[in-house]
Amino acid sequence: MRAEHLVTYPRNLHPGAWWLWAVALAAAASRTANPVPLLLILVVTAFVVAARRSSAPWASSYVAFLKLSLVVVVVRILLQALLSTGAQGPTVLFTLPALPMPANSGLKLGGVVSLEAVLQALYEGLQLATILCCVGAANALGSARRLLRYVPGALYEIGVACVIALTFAPQLVTDAARVRAAHRLRGRNGGLGSLRRLAMPVLEGALERSVDLAAAMDARGYGRTTDADRVSRRVTALLVFGGLLGVCIGVYGLLDGTASTWMGAPMLASGVVLGAVGLHVGGRRTGRTRYRPDPWALPEWLVAGSGTVAAVTVFVDVHLSPADFVLAGVTDAPPVPLLACLGIFVGLLPALLAPPQPGPAIPRGPTGSHRSDRVEVVA
Amino acid sequence: MIEMHGVGVTYADADAPVLSGVDLAIGEGELALVVGRTGSGKSTLLRTLNGLVPHFSGGTLHGRVVVDGRDTRTHRPRDLADVVGYVGQDPLSGFVTDAVEDELAYGMESLGLPADTMRKRVEETLDLLGLAEVRGRPVADLSAGQQQRVAIGAVLTTHPRVLVLDEPTSALDPLAAEEVLATLQRLVHDLGLTVVLAEHRLERVVQYADRVVLVPGDGRPVVDGTPVEVLSDSPVAPPVVELGRVAGWRPVPLSVRDARRLAGPLRSRLAHADPSSRRAREGAREGTSEGRTVAACADLVVSYRRVPAVRGVSARLSAGKVVALMGRNGAGKSTLLKALVGMVKPASGTVEVDGLVPSRLRPGALLRHVAMVPQVPADLLYAPSVGLECEHADRDARVRPGTTLAVFRRLSPAVPLEQHPRDLSEGQRLSLALSIVLAARPPLLLLDEPTRGLDYTAKHRLVEILRDLAEQGHAVLLATHDVELVAEVAARVLVMAEGEIVADGRTADVVVSSPAFAPQVAKVLAPQHWLTPTEVALALADTSAVTP
């Protein structure tokens, strides 16, 4: 057995596997407003990130996503409690001073805040928060930037554009900070005209850098092996976008659950096939090769599989016992869907099955002189 | 390897050609140095070699450029990627990926080389350029010297026969520059690569060059020959060549070693002249009386997050003196300047400028006490013309209309007012930025790397300007890597390392003994304390006046 297949052999897992796992968990979360499975999914992502994240700078992004989801929950509660009349129930928590609003607008400002409204908002916010955390986990474990290396050949140009955008965005922020600091040197402190003054040098700088980058890429052979056959390019584009459309409709059909059946799995499958054919046809026209791609071996299958199992179990359970996923009353204790919870626990397995992160290189003295010293001392 | 026949370049909507009638043949394994003033067409010449001119830039190319048998008329830059490796001025803006290894592999991926070849070449290149320890790091985290080596490595992996570099050392401190140049020399000597590079700081590279191509600009014919031939009477020359001219050595020496072997008689002629007494007489540079203290910091600590960039620095700057701040990249020079101008708040310790705390001043008030020209002078500029820029500056500084323009006219007399600041040369842009910050006559002037991209002529002009300002009573602190500039203009040198000041003293005392910071003349004439060719020339004039 090759070393890549061992789950104990330290290496970076293919980022695609992490994204599949996380997307599957996010899909599972999207099908229920029951806080029990949602919280479970959240805990699963946090645990796996804690167990398998690397020391790379993006690995800390999970915390940022977690904070963002907390903000989402809080904003949701505030808006629902303060602005909406529809969700209010009989259990009044407190009454705020109210502003009169037109009676049939469904809006209010202040007034009665009920437990039902707050809980409802909390649960709905929790769903969004869980999905955000899934994305955060994927980004922390296999950064989006690393994933972009695996964009299929047919979409290579789009991938490059994304990578460049990812580099340029932080660069723009640094530039803006630098120029702002420089304006202070001219004796300006903000004001209305300062935006234009800021924009000019920053945009000029960005433009200049883009031109430099384009020159560098051209000089290094970008696009040299791509043949410019118009027909095949058109066909590829048509197939890929047709496939993408199919996938979108299919995913919507599957996740929505209320749409007609043809919109679900069949549409998804045909979209995937169409897209795959397009990518294959398009991939043939690029003569690019890939340097040191991460292998896709047993651990990748296991990680992606565990996510899929979690998602499928939740979907099946939703189908079998829908009552477990809908709260009878907002204030009742939420039911515990056993099968779904078991499935979500399968999603925890990558904490064990993904290969551990390689540790930092052990510094060695010049040609092991320390060791020989020690031997001499012992002798 | 490279042949140019009657090459001329005219950019779109330009009246005159940038280059015309260039005939050049550069053989295999040569290191050719392209010199010339800013804007003379050096970069254009380099960019014709891999077809970026005219395929990428537009414009018209006359004549033929043939590299390794491929004509750039029929080959686009990407078709020459396996023959010519081109490294642009700013390595960071040419990086496509963010990790060192991926960057090295990028060119090969584009050419579609097989995976095992790529793997092997990346490892070889990592070793060749000494980048093995940083292979997994993001390129943005590397030092400037390492970034430059990554940029060179990234084009080397396609095994080009020609390497073209546009000012590879302009942003580097002296030691990092030497690292890069040593690498280039190794490539020429061990691999027989043909290297063509443009550089302003001739003193760093000319000794390695087999051939010098002088691009005089304005479409005048290009001069090409051995370094000695070309530099004997070129308008741009490193200090060691100028010293050779002053001393009347023929052929002129190109390296400190050559000069030192010729310098015995000169040293004995100069033995009785005392460089420091002359400087004392001139007064401007090393006034014996300390001027009024304009700025002071005591036990200053500045930290970014939890990393201290400046650790416990105490120093004072007095009026009428130019002080140079030296040290390797990342030693804390820029941070110290920022603290003096109040851009960063001290974590502990104090900063005082003109008796005030700069970080508490409002920008409008700050301008009257301290001026700073940032590393990129263009950051200060935004107006569509020089004239408007000056008017805005008057309003910002609340001074009489026309003040900024008057300052600018003194620094840079011949620039038309309707010109766009972007179209100015580096030197003129620096003058404009200087005039803007000087309009309110602040007693303290800070400059961060002012000579980046300046040619010798512009540098001479800057030296005059700085001397003038010091004479008018400004205190000037300039952070720079340029040892020759320091030798010309600074009275005192502060050397920083790891955020601390490790040396502080008169220029001659600090730099002469330092291998990295000594100017060429000092190296040639050590142990005597001469710093610039001009000093030597004046001393020689004195002695010859006295002798008869």
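How many residues does helix α2 of chain A have, and how far does the helix reach from its first C-alpha to its last? Select residues 35-52 of chain A in this predicted model. Helix α2 has 18 residues and spans 26 Å, close to the 26 Å expected at 1.5 Å a residue.

Next, colour chain A by domain. Domain 1 takes 1-145 and 293-360, while domain 2 takes 151-224. The C-alpha centres of the two domains lie 34 Å apart.

Now go to the second largest pocket. Centre the view on A:Trp19, A:Leu20, A:Val23, A:Val247 and A:Val272, which lie nearest the pocket's centre among its 35 lining residues. Then select the elements that each give two or more residues to the lining: α1 (15-30), α5 (144-148), α6 (156-185), α8 (230-256), α9 (265-285) and α10 (298-320) of chain A. The largest contribution is from α8(A), with 9 residues. The space in this pocket is about 1400 Å³.

Finally, colour the lining by residue class. It divides into 29 nonpolar and 6 polar residues, with no charged ones. With the domain colours back on, look for both in the lining: domain 1 and domain 2 of chain A each supply at least three residues.

Key. Residues are numbered from 1 along each chain as its sequence is written. Chains are lettered from A and ligands numbered from 1 in the order in which they are written. This is a predicted model: local features need pLDDT of at least 70, side-chain atom pairs count only at pLDDT 80 or more; totals for chains, interfaces and linings use all residues. Side-chain values use heavy atoms; hydrogens and water are left out. Domain bounds come from an automatic or database domain assignment. On a 1 Å grid over the protein atoms alone, a cavity is a set of points where a 1.4 Å probe fits but cannot get out, and a pocket is an open set with protein on both sides within 12 Å along at least five of seven lines; lining residues have an atom within 4 Å of a point. Grid points are joined across faces, edges and corners, and a volume is the space filled by probe spheres set on the points. Helices (H or I, at least four residues) and strands (E, at least two) are DSSP runs, numbered from the N terminus. Ala, Val, Leu, Ile, Met, Phe, Trp, Tyr, Cys and Pro count as nonpolar, Asp, Glu, Lys and Arg as charged, and the others, Gly among them, as polar. The expected span of a helix is 1.5 Å times one less than its number of residues.
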